[in-house]
Amino acid sequence: MASKQPIDYFADFSHVGIASIGLHFPPLALPIVELAKLRNVDPDKYLIGLGCKEMALCPEDYTVVELATVAAKRALSRWQGENKNIGMIAVGTESAVDMSRPLSAWVAANLGLKGAIRSYEAKHACYGGTLALRQAIEWKLAGIAGQKAALVIAVDEALYEQQDPGEPTQGAGAVAMIIDDPVIAHVEPFSYPWSEPVFDFYRPVGCAYPIVDGKFSLECYCQAVKACYQALINGRDPEKVLAEFHALCFHVPFPKMVKKALASLGKLLNWDEEKINNLFKQKVDPTMDWNRLCGNAYTASLWIAVANTLKNLDQDKRIAAFSYGSGFGSELLTLSAGPAAAQGAWAKDVEEDIKQRHYISAADYQALRKRKTKTII
Ligand code: COA
């Protein structure tokens, strides 16, 4: 009898990835210097100390449902397939509007999607969108999706208690991705997860705003970056491994946090400051241009950086994407650009939203916060 061959589950994995991207930023924004004025803080603390620039805000009648729906419509409008071929809608968020009904149901209703569709919400703080994407990828790789595609959305509105140290890092935004043929990016099947159960940032049931141990969350984030990158490097020459990537994208709570995490990785690798700073300047800082315009969009933050990096990227160039969610769970993914990345069609979503949005003053911000009665979940 012939010996049994091991099954190569990933023998043909090159056919799965991101087929379309849509983004949406809400219609209001607050320049970070306005908040500094209001809080009587030196603007350089926010601009240089945290690396923030502008914060996207939702008006009182604008929720994550609207954010997600617009991003999804944009992604679907650019996709070669038809809505009837969507077999999964997975929404990653920590701004849920209901404890039972998933956000995906609101989005599906707005898009007129129903039928043989798996529809659900994924939660793990800022990591939820990545989990939804990974599940969609693995659903396709398992071969049980048939010809169907998945609609994955990462969406959040990040609001803190007024005067909380996290207030300058607030933001909002949505990224929708169709998981199907990898015309924009191939998501490589192997990834590097790391989790540890901690209380660095959490929002107990009944609390309107998160409870944040900011400094501890930074330690956890650095710990996760080191663990995931060590798994990727796996004893090889770190310089050679990192040279394989055109860019390194990160979850962006605020840009300085990413810089600190890279420094902690560099220190672990025994790199000097100059080498770390060069890596940051060349492969990390440019990925965060859109994040500086919207602030922290929790689940969407990493995917905003990835979308920004993929636009205009030559085919086959690889990028790394580090996802982190408090609690904590993290995962390092690797992607390579597909043939349609170079066109960067989704860049116009950001250009349009930035052009049309209304910049408010510190006084408007205070009035908005008063009007916004946050639903407590
Ligand atoms: N000019 C330039 N930089 C200044 C400054 C000034 N006038 N004043 C302060 N700074 C710098 C500080 O030196 C510090 O830089 P460093 O961290 O490199 O030392 C930085 O600004 C922040 O100052 P700090 O006093 O630490 O700020 P804070 O205690 O008010 O708040 C956080 C910082 C990070 C704790 C807070 O923003 C937070 O909780 N953010 C949310 C964290 C989060 O999102 N975690 C979960 C997701 S992973």
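Modeller: Let us begin with Glu-188, which forms a salt bridge with Arg-318, the closest N and O atoms being 2.8 Å apart. Please bear in mind that this is a predicted model.

Biologist: How many residues apart in sequence are the parts that Glu-188 and Arg-318 tie together?

Modeller: Glu-188 lies in the loop between β8 (185-187) and β9 (192-195). Arg-318 belongs to strand β13, so the pair ties together parts whose separation in sequence is 130 residues.

Biologist: Which residues do salt bridges with shared partners join into one network?

Modeller: A search of the whole structure finds 18 salt bridges. Salt bridges that share partners make one network of Arg-74, Arg-78, Asp-349, Glu-352 and Asp-353.

Biologist: What separates Glu-34 and Lys-37 along helix α1?

Modeller: The side chains of Glu-34 and Lys-37 meet in a salt bridge with an N to O distance of 2.8 Å. Glu-34 counts as buried at 15% relative accessibility, whereas Lys-37 counts as exposed at 59%. Because they are three residues apart in helix α1 (residues 32-38), their separation is about one helical turn.

Biologist: Are Arg-39 and Glu-167 buried or exposed?

Modeller: The side chains of Arg-39 and Glu-167 meet in a salt bridge at 2.7 Å, N to O. Arg-39 lies in the loop between α1 and α2 and Glu-167 in the loop between β6 and β7, so the pair ties together parts that are 128 residues apart in sequence. Both residues are buried.

Biologist: What area do domain 1 and domain 2 bury between them?

Modeller: Domain 1 comprises 16-184 + 345-376, and domain 2 comprises 192-340. In contact across the interface are 53 residues of domain 1 and 46 residues of domain 2. Carbon and sulfur atoms carry 65% of the area buried between the domains, which is about 4,000 Å².

Biologist: Which residue forms a salt bridge with Arg-134?

Modeller: The rule finds one salt bridge across the interface of domain 1 and domain 2. In the salt bridge of Arg-134, the closest N and O atoms are 3.7 Å apart, and the partner is Glu-331.

Biologist: Which element gives the largest share of the side of domain 1 that touches domain 2?

Modeller: Across this interface the rule finds 20 residue pairs in polar contact. The elements giving two or more residues to the side of domain 1 that touches domain 2 include α5 (128-141), β6 (149-158) and β7 (171-180). The largest share, six residues, comes from β7.

Biologist: With which side chain does the side chain of Ser-323 make a polar contact?

Modeller: Ser-323 lies in strand β13 (residues 318-325). This residue is buried, with a relative accessible area of 1%. Among the residues that Ser-323 touches are Cys-126, Tyr-127 and Leu-302. The polar contact, at 2.7 Å, is with the side chain of Thr-130.

Biologist: Which residue's backbone oxygen lies 2.7 Å from a polar atom of the side chain of Lys-140?

Modeller: Lys-140 lies in helix α5 and counts as buried, at 11% relative accessibility. Its contacts include Val-16, Ala-145 and Ile-179. The backbone oxygen at 2.7 Å belongs to Lys-148.

Notes
Residues numbered from 1 in each chain as written. Predicted model: local features only at pLDDT ≥ 70, side-chain atom pairs only at ≥ 80, totals over all residues. Heavy atoms only, no water. Domains from an automatic or database assignment. Contact = heavy atoms within 4.5 Å. Buried area = accessible area lost by both parts, 1.4 Å probe. Salt bridge = Lys/Arg side-chain N within 4 Å of Asp/Glu carboxyl O. Polar contact = N/O pair within 3.5 Å; in protein donor to acceptor, adjacent residues only side chain to side chain. Helix = DSSP H or I, 4+ residues; strand = E, 2+ residues; numbered from the N terminus. Buried < 20%, exposed > 50% of the residue type's maximum accessible area, 1.4 Å probe, protein only. Lists of a residue's contacts leave out its neighbours within four places in sequence.
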